[in-house]
Amino acid sequence: MQSTGSNSPDEAAAQPRQAQQQALPSGEEKIGLPLWLLAELTYRCPLQCPYCSNPLDFARQGAELGTDEWLRVISEARQLGAAQIGFSGGEPLVRADLADLIGESRRLGYYTNLITSGIGLTEQKIADFQRAGLDHIQISFQSSDEQVNNMLAGSSKAFAQKLAMARAVKAHDYPMVLNFVTHRHNIDHIDRIIELCIALEADFVELATCQFYGWAYLNREGLLPTREQLERAERVTNEYRDRLAAEGHPCKLIFVMPDYYEERPKPCMSGWGSLFLTVTPDGTALPCHGARQLPIAFPNVRDHDLRHIWYESFGFNRFRGRDWMPEPCRSCSEKDKDFGGCRCQAFMLTGDAANADPVCGKSPHHGLIVDARNEALHAIQPIQQLVFRNDKNSCRISGT
Ligand code: SF4
Ligand code: SF4
C-alpha cells in the first residue's frame with residue numbers, strides 16, 4: 001500500500017459525529033462508527049517501493065483471508081455502519097476474487113474504492129470491475145520521469161503500464177485519483193508531475209509528501225526532503241491551482257505536507273478507533289494501517305466478530321478518549337484537536353506509544369524531529385542505496 005500521506009480517512013465518509021452517535025445502541029454512545037473500512041487484501045505486490053507503508057516483516061505474516069472470510073468481514077462492517085470500503089494491499093489486483101468482493105460490497109451499499117499501482121490491471125478487468133459496481137479508482141505513480149519511476153518501483157515496465165491504465169480508466173468514464181508520494185528524489189519535478197496528471201485528465205491529484213512509517217521510516221534519511229524543497233513544491237502547486245481555477249479546469253490538486261516540518265501533530269485517523277478500521281491480509285484488525293508495529297495484541301477477525309473487535313477489544317480501546325494521555329497532552333488545551341498525534345510515530349521515535357507525538361513542539365522528544373530535519377540538509381543517499389520493499393529484504397530485516 002502506498003503511503004497516502006494524510007493518514008486520515010476520506011472526508012466523504014466523515015458524516016457529522018452527532019448523527020453517528022445517534023445511531024449507536026445505548027451504552028456505546030461515546031464511540032463513533034467505523035465509517036471507513038480499509039481492506040488490505042494481500043501483502044503481495046509486484047513492485048518494491050522503498051517508502052511502502054506495509055510492515056517491514058510483511059513476508060512472514062500469516063495466510064491471507066479467503067473469499068468467504070472477506071465477505072463476512074465486509075458484511076459485518078456494513079452492519080456496524082461502514083459506508084466506504086477501500087481495496088488495498090500490497091497490490092489488490094493479485095487477488096482473483098477482487099471483482100466478487102467489489103460486487104458484494106456494492107450490493108451492500110458501500111462506496112467502493114480501488115487503490116492500486118496499476119500493475120496487473122487490464123482493460124478487461126476495468127470492465128469487470130465496472131460491471132461489479134466499482135465507484136472509484138486511484139492509481140499511484142512513483143515519478144513523472146520514466147527512469148526514476150521504474151527505479152523506485154523496481155520494475156522496468158511499471159511506468160508504461162501505469163500510463164496505459166490511467167488512460168483506460170478515463171476511457172471507462174471513471175473519476176480518477178492519481179497519487180504521487182513525493183520525497184527528496186522527485187519533489188523538485190512537481191511541475192512535471194502536475195503536467196502529467198493534467199495530460200492524463202486526472203480528476204484529483206494527491207501530492208502526498210512521504211510519511212515515515214514502515215519502509216519509509218527505514219529509508220527516512222534518503223527520502224526526507226528539505227524545507228526548501230517542500231516550500232518550493234507547495235508554491236508551485238499553489239500556482240497551478242490558481243491557474244487551473246482561472247481556466248475553470250476540473251482537476252483538483254491536493255498537497256500534503258509531511259508532519260516532520262510541522263510544530264503540531266496531525267489528528268491521526270481522526271482519533272483512535274473513531275471512524276477508521278483496517279483489516280490486514282491475515283485478518284488482524286487495526287485502528288490504523290501502521291498500528292501493527294505497536295506492542296499490542298490486536299484482535300483477529302478469525303477469532304471475533306467486528307462488533308466485538310470495534311467496541312470491546314483491548315486494542316481498539318487502548319487509546320480511545322483522553323484518559324490514557326500522560327503529560328504534556330493530559331493538561332493541554334489542544335488535546336481535543338489532535339488527540340496527542342500519532343501513536344505509531346510516538347512509538348517509533350520514543351519507544352512508548354503513549355507519549356505525545358514528537359512532531360509536537362511541546363513534546364520533550366521534539367528534538368528528534370529537529371535532528372531529522374537537519375540531517376535532510378546534508379543527506380546524499382542515491383535511490384540505488386535505499387532499502388527496497390521485497391521479500392528478500394523483509395526476511396532479512398525480520399530475521400527469517
Ligand atoms: S510496494 Fe509500492 S505499489 Fe506495492 S504496496 Fe508498497 S507502495 Fe504500493
Ligand atoms: S501536547 Fe499533546 S495534545 Fe498538546 S498539542 Fe502537543 S501533541 Fe497535541
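These notebook entries record what I looked up in one predicted model.

**Entry 1. The sheet**

I began with the strands and traced an open sheet of 9 strands, in the order E7-E6-E5-E4-E3-E2-E1-E8-E9, with mixed pairing. I noted that strand E7 (252-256) and strand E9 (285-286) stand at the edges, and each has a single partner strand, so one side of each is left without a neighbour in the sheet. For background, I recalled that strands of a sheet pair through backbone hydrogen bonds, either parallel or antiparallel.

I then looked up individual pairings. Strand E8 (residues 276-279) is joined to E9 by 2 bridges, and the two run antiparallel. Within this pairing, Val279 has Ala285 of E9 as its bridge partner. E5 and E6, by contrast, run parallel and are joined by 6 bridges. Opposite Thr182 I found Thr209 in E6. Strand E6 (residues 204-209) is mostly covered, since 5 of its 6 residues are buried.

**Entry 2. Helices on the sheet**

Which strands does helix H6 (residues 158-171) lie across? I found strand E4 (136-141) and strand E5 (176-182), with H6 running at about 160° to E4.

The loop between H6 and E5 holds Asp173. Asp173 is not a glycine, yet I read a positive phi of about 65° for it. Asp173 is exposed, because 8 other C-beta atoms lie within 10 Å, and a residue counts as exposed at 12 or fewer.

I also looked up Arg106, whose place is in helix H3. Arg106 is partly exposed, with 17 other C-beta atoms within 10 Å. Leaving out residues up to four places away in sequence, Arg106 touches Thr112, Ala132 and Gly133. I also took a distance from Arg106 to Phe347: the two are 241 residues apart in sequence and 37 Å apart in space, C-alpha to C-alpha.

**Entry 3. The annotated region**

I consulted the UniProt record, an unreviewed entry, and found the annotation "domain: Radical SAM core" over residues 31-247. In the model, the chain over residues 31-247 is 44% helix and 16% strand. The end C-alpha atoms of this stretch are 44 Å apart.

Cys45 lies in the loop between strand E1 (36-40) and helix H2 (67-80). Is Cys45 buried or exposed? Cys45 is buried, because 24 other C-beta atoms lie within 10 Å and the cut-off for a buried residue is 20 or more. Not counting residues up to four places away in sequence, Cys45 touches Gly89, Gly90 and Glu91.

Cys49 is likewise found in the loop between E1 and H2. Cys49 counts as buried, with 27 C-beta neighbours inside 10 Å. Apart from neighbours within four places in sequence, Cys49 is in contact with Gln142, Leu152, Ala153 and Arg389.

**Entry 4. The two ligands**

Which residues come nearest to ligand 1? Of the 13 residues around ligand 1, I found these to be Cys45, Leu47, Cys49, Cys52 and Ser117. I sorted the shell around ligand 1 by class and recorded 5 nonpolar, 6 polar and 2 charged residues.

Around ligand 2 I recorded 14 residues, of which Cys329, Cys332, Glu334, Lys335 and Cys360 come nearest. The shell around ligand 2 has 6 nonpolar, 2 polar and 6 charged residues.

**Entry 5. Backbone details**

I found a cis peptide bond from Gly89 to Gly90, with omega near 20°. Gly90 has its place in the loop between E2 and H3, and both Gly89 and Gly90 are among the residues that Cys45 touches. The peptide bond from Glu327 to Pro328 is also cis, with omega near 5°. Pro328 is found in the loop between helix H12 (314-317) and helix H13 (335-338).

Met269, a residue other than glycine, has a positive phi, near 55°. Met269 lies in the loop between E7 and E8. Met269 counts as buried, with 27 C-beta neighbours inside 10 Å.

Methods:
Residues are numbered from 1 along each chain as its sequence is written. Chains are lettered from A and ligands numbered from 1 in the order in which they are written. This is a predicted model: local features need pLDDT of at least 70, side-chain atom pairs count only at pLDDT 80 or more; totals for chains, interfaces and linings use all residues. Two strands pair if DSSP finds at least two bridges between them. Helices (H or I, at least four residues) and strands (E, at least two) are DSSP runs, numbered from the N terminus. Two residues are in contact if their C-beta atoms, placed from the backbone, lie within 7 Å. Axes are lines fitted to C-alpha atoms, for helices over the stretch in contact, and angles run from 0 to 180 degrees between N-to-C directions. A residue is near a molecule or strand if its C-beta atom, placed from the backbone, lies within 6 Å of it. Ala, Val, Leu, Ile, Met, Phe, Trp, Tyr, Cys and Pro count as nonpolar, Asp, Glu, Lys and Arg as charged, and the others, Gly among them, as polar. UniProt positions are given in the numbering used here, feature names are shortened, and annotations may be inferred rather than shown by experiment.
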